Amino acid sequence: MTANALSPEAARTYELDRRHVFHSWSAQSTVDPMVITRAEGCYVWDGAGNRLLDFSSQLVNTNLGHQHPRVVEAIAEQARRLATVAPQHANDQRGEAARLIAERTPGDLDRVFFTNGGADANEHAVRMARLSTGRPKVLTRYRSYHGGTQTAINLTGDPRRWANDSGTAGVVHFFGPYRYRSHFHAETEQQECERALEHLAQVIELEGPRTIAAVLLEAIPGTAGIMVPPPGYLAGVRELCDRHGIVLIMDEVMTGFGRTGAWFVSGDEGVVPDLLTFAKGVNSGYVPLGGVAISEHIAAHFAERPYPGGLTYSGHPLACAAAVASITAMEDEGVVGNARRIGAEVLGPELAKLAARHPSVGEVRGRGVFWAVELATAAADVMPDLVGTAKRLGLLPFTNANRIHVVPPCTITEAEARDGLALLDQVLDRADELV
Ligand code: PLP
């Protein structure tokens with residue numbers, strides 16, 4: 001978007017941004033941000049007054065959609081009553097948020113350590129695993145994203161790691177299941193599952209099981225491509241961890257709180273990790289919040305020993321009030337079931353039709369409102385053109401590498417989903433010309 005198309009207020013916003021805001025993951029001279037002036041439900045409005053359907057949920061966090069009145073009011077009410085309180089004090093919204101989260105996570109993940117977001121949640125989960133086992137190493141998969149802070153970026157298995165990787169974090173990467181571009185030359189899902197588990201078992205043996213504190217795994221890798229693991233894979237990893245006394249950390253930062261049509265993938269799959277990290281959808285991103293849900297046996301390790309870690313804003317009352325309101329609204333309004341139904345009845349079948357119709361599409365895969373359209377080409381050079389096309393049509397997509405991710409709010413209606421898919425169809429027409 002060029003500044004010319006903007007209203008005078010939006011032009012000033014753009015100028016201020018370009019003059020003073022330092023952007024993530026970018027060469028600053030190439031940054032050309034879209035001005036967003038307001039949002040509601042599944043829509044955002046740009047600085048020229050155009051309405052766009054938000055198929056990105058921003059960074060896959062507005063699970064409840066934009067400007068939900070109950071969450072907005074809860075934040076305002078909390079700000080009037082008690083805007084901030086240090087973590088060492090007890091606070092009603094913090095306790096209530098922890099209870100609501102503990103009730104929705106699987107098994108005995110009944111205690112919550114709150115953080116400011118997903119990266120520091122993973123940092124703390126890894127610290128807890130290392131301290132409770134006395135072991136140094138952490139295994140994570142290639143094609144994963146665990147956050148942008150120092151340890152979290154070292155844990156990450158996609159190329160964003162390279163520029164930051166000091167190589168000293170005690171992290172070992174392994175291949176996870178990804179049948180479309182299988183590392184294991186598998187022809188069936190079952191083969192992919194068996195071979196991926198065999199590979200992980202070998203990595204554990206060769207690294208030395210007693211040196212490994214944790215396996216950290218995104219329940220479904222998100223930014224790296226929404227590769228839904230084959231049936232049995234997560235249970236198989238759980239079994240390997242049990243065999244060797246390794247802590248299983250499930251990163252549900254992107255998959256949690258309804259995104260896949262369940263509160264959590266781990267619970268949906270009947271797998272109970274020792275630690276589960278969350279952020280994003282916990283309060284639909286209205287105020288920064290993340291955390292670690294902790295099983296009883298890991299919490300017990302710190303019963304008599306101090307846990308050496310903390311954050312000024314751990315369990316911030318505004319963020320926790322937003323979480324209480326967001327989770328309660330999701331429950332009352334059947335939002336998780338809606339995400340499941342939209343996935344099963346609309347996104348799944350309709351994306352499959354798009355894949356069949358457009359030669360540029362290699363594979364579509366996903367669950368709930370969490371889908372990836374992977375182009376047949378591995379090259380990503382066409383993506384800026386496709387993003388521009390989508391925005392001009394009124395669709396705001398989430399893209400990474402050679403993929404368009406279809407990740408709207410969990411509240412999306414069938415009509416809105418079909419509108420978005422019709423626009424995506426046109427974007428893929430353009431992809432067919434380019435690829
Ligand atoms: N883990 C996963 C799976 C994520 O997708 C992300 C962010 O996209 C993170 C961790 C990091 O979260 P944050 O950006 O809140 O630090």
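Tutor: Let us begin with a definition: two strands pair if DSSP finds at least two bridges between them. The model before us is a predicted one.

Student: What makes β2 and β3 a pair of strands?

Tutor: Strand β2, residues 43-46, is joined to β3 by three bridges. The requirement is at least two bridges, so the two strands pair. They run antiparallel, and W45 has R51 in β3 as its bridge partner. The two strands form a hairpin with four residues between them. In that turn, G49 has a positive phi of about 90°.

Student: How do you know that β3 also pairs with β13?

Tutor: Two bridges join strand β3 (residues 51-54) to β13. At least two are needed, so this pairing meets the definition. These strands run parallel. D54 has L396 as its bridge partner in β13, and L53 stands opposite L395.

Student: Why are β1 and β13 called edge strands?

Tutor: The open sheet has four strands in the order β1-β2-β3-β13, with mixed pairing. β1 (36-40) and β13 (395-396) each have a single partner strand, so one side of each is left without a neighbour in the sheet.

Student: What makes β11 and β12 partners?

Tutor: Six bridges join β11 to strand β12, residues 370-375. At least two are required, so the strands pair. They run antiparallel, and R367 has F370 in β12 as its bridge partner.

Student: What makes strand β10 mostly covered?

Tutor: Strand β10 comprises residues 290-295, and six of its six residues are buried. Both faces are covered. On one side G290, V292 and I294 are buried, and on the other G291, A293 and S295 are buried.

Student: Which strands pair with β10?

Tutor: Strand β4 (residues 109-115) pairs with β10 in the antiparallel sense over six bridges, and F113 stands opposite V292. Strand β9 (residues 275-278) also pairs with β10 in the antiparallel sense, over four bridges. There, F278 stands opposite G291.

Student: How do you know that the span of helix α5 agrees with its number of residues?

Tutor: Helix α5 covers residues 118-133, which is 16 residues. At 1.5 Å a residue it should span 22 Å, and its end C-alpha atoms are 23 Å apart, which agrees. Just after α5, G134 takes a positive phi of about 70°.

Student: Why is α5 called mostly covered?

Tutor: Of its 16 residues, 13 are buried.

Student: Why does A125 count as buried?

Tutor: A125 lies in helix α5. The cut-off for a buried residue is 20 or more other C-beta atoms within 10 Å. A125 has 32 C-beta neighbours inside 10 Å, so it counts as buried. Leaving aside neighbours within four places in sequence, A125 is in contact with I249, L275, T277 and V292. A125 and D251 are 126 residues apart in sequence, and 9.5 Å apart in space from C-alpha to C-alpha.

Student: Is L428 buried or exposed?

Tutor: L428 belongs to helix α14, residues 414-434. With 23 C-beta neighbours inside 10 Å, against a cut-off of 20 or more, L428 counts as buried. Apart from neighbours within four places in sequence, L428 is in contact with L354, H358, S360 and V361. In sequence L428 and T389 are 39 residues apart, and their C-alpha atoms are 9.6 Å apart in space.

Student: What surrounds the ligand?

Tutor: The ligand is surrounded by 16 residues, and the closest are G117, G118, A119, G147 and V253. Helix α5 gives the largest share of this shell, three residues. By kind, the shell divides into six nonpolar, eight polar and two charged residues.

Definitions and conventions
Residues are numbered from 1 along each chain as its sequence is written. This is a predicted model: local features need pLDDT of at least 70, side-chain atom pairs count only at pLDDT 80 or more; totals for chains, interfaces and linings use all residues. The expected span of a helix is 1.5 Å times one less than its number of residues. A residue is buried if 20 or more other C-beta atoms lie within 10 Å of its own, exposed if 12 or fewer, and partly exposed in between; C-beta atoms are placed from the backbone. A residue is near a molecule or strand if its C-beta atom, placed from the backbone, lies within 6 Å of it. Ala, Val, Leu, Ile, Met, Phe, Trp, Tyr, Cys and Pro count as nonpolar, Asp, Glu, Lys and Arg as charged, and the others, Gly among them, as polar. Two residues are in contact if their C-beta atoms, placed from the backbone, lie within 7 Å.
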